[in-house]
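Here are some friendly notes to read alongside the model. Please keep the structure open as you go through the points.

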Amino acid sequence: QVQLVESGGGLVQPGGSLRLSCAASGSIFSISAMGWYRQAPGKRRDAVATITSSASTNYADSVKGRFTISRVNAKNTVYLQMNSLKPEDTAVYYCYDLLHGVWGRGTQVTVSS
């Protein structure tokens, strides 16, 4: 059974940085495409960034140049480095295993002064 556990969220000032981590278990992690999604209050859950098993990446226009998704297969972990954070980045961030259709429980990111 695939399980995903996110960590690294918190409160940060505008212009600051955070790194989210998503630890996977219960599957052959290296073959799964992985993604980070986010959902703000009252809004739908949207894709932020995805990374394939071969480490090809894709980003939402709103985060291009500020966020970087990466993976370390030896650690069964996918990361989201978030720089130059803005208040509109405030949301619950979810990790998603695209191959198995499994979500993590999410981690809150709040960008506020």
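**Salt bridges and surroundings**

1. The side chains of Lys64 and Asp61 meet in a salt bridge, with N and O 3.2 Å apart. A salt bridge here is a side-chain nitrogen of Lys or Arg within 4 Å of a carboxyl oxygen of Asp or Glu. Asp61 counts as exposed, at 65% relative accessibility; the classes are buried (under 20% relative accessible area), exposed (over 50%) and partly exposed in between, using a 1.4 Å probe and protein chains only.

2. A word on the source: this is a predicted model, where local features need pLDDT of at least 70 and side-chain atom pairs count only at pLDDT 80 or more, while totals for chains, interfaces and linings use all residues. Residues are numbered from 1 along each chain as its sequence is written, and side-chain values use heavy atoms, with hydrogens and water left out.

3. How many salt bridges does a search of the whole structure find? The search gives 4. One of them joins Asp89 and Arg38, whose closest N and O atoms are 2.9 Å apart. Asp89 lies in the loop between β8 (77-82) and β9 (91-97) and Arg38 in strand β4, so this pair ties together parts that are 51 residues apart in sequence. Strands (E, at least two residues) are DSSP runs numbered from the N terminus. Asp89 and Arg38 are both buried.

4. Asp89 has another partner: Arg66 forms a salt bridge with Asp89, the closest N and O atoms being 2.8 Å apart. This pair also links distant parts of the chain, since Arg66 sits in the loop between β6 (57-59) and β7 (67-72), 23 residues from Asp89 in the loop between β8 and β9. Arg66 is buried, as is Asp89. Together, Arg38, Arg66 and Asp89 are linked in a network of salt bridges.

5. Which residues line the largest pocket? Arg38 and Asp89 are among them, along with Gln39, Ala40, Lys43, Arg44, Asp46, Glu88, Thr90 and Ala91. A pocket is an open set of points on a 1 Å grid over the protein atoms alone, where a 1.4 Å probe fits, with protein on both sides within 12 Å along at least five of seven lines; lining residues have an atom within 4 Å of a point. The space in this pocket is about 160 Å³. By class, the lining has 2 nonpolar, 2 polar and 6 charged residues.

6. On the surface, Ile28, Ile31 and Leu99 form a nonpolar patch with about 300 Å² of accessible area together. Patch residues have over 30% relative accessible area and no salt bridge, and nonpolar side chains are joined within 5 Å. Ile31 is found in the loop between β3 (18-25) and β4 (34-39), and is partly exposed at 49% relative accessible area.

7. Two backbone angles deserve a look. Most residues other than glycine have a negative phi. Asn76, in the loop between β7 and β8, has a positive phi near 50° and is partly exposed, at 26%. Ser84, in the loop between β8 and β9, also has a positive phi, about 50°, and is partly exposed at 41%.

8. Finally, Ala47 is found in strand β5 (residues 46-51) and is partly exposed, with 39% relative accessibility. Ala47 and Tyr94 are 47 residues apart in sequence and 9.3 Å apart in space, C-alpha to C-alpha.

Notes:
Patch = residues over 30% accessible without salt bridge, like charges linked within 9 Å, V, L, I, M, F, W, Y side chains within 5 Å. Areas by Shrake-Rupley, 256 points an atom, 1.4 Å probe, with all protein chains shown as cover. Helix = DSSP H or I, 4+ residues; strand = E, 2+ residues; numbered from the N terminus. Points joined across faces, edges and corners; volume = space filled by probe spheres on them. Nonpolar A, V, L, I, M, F, W, Y, C, P; charged D, E, K, R; others polar.
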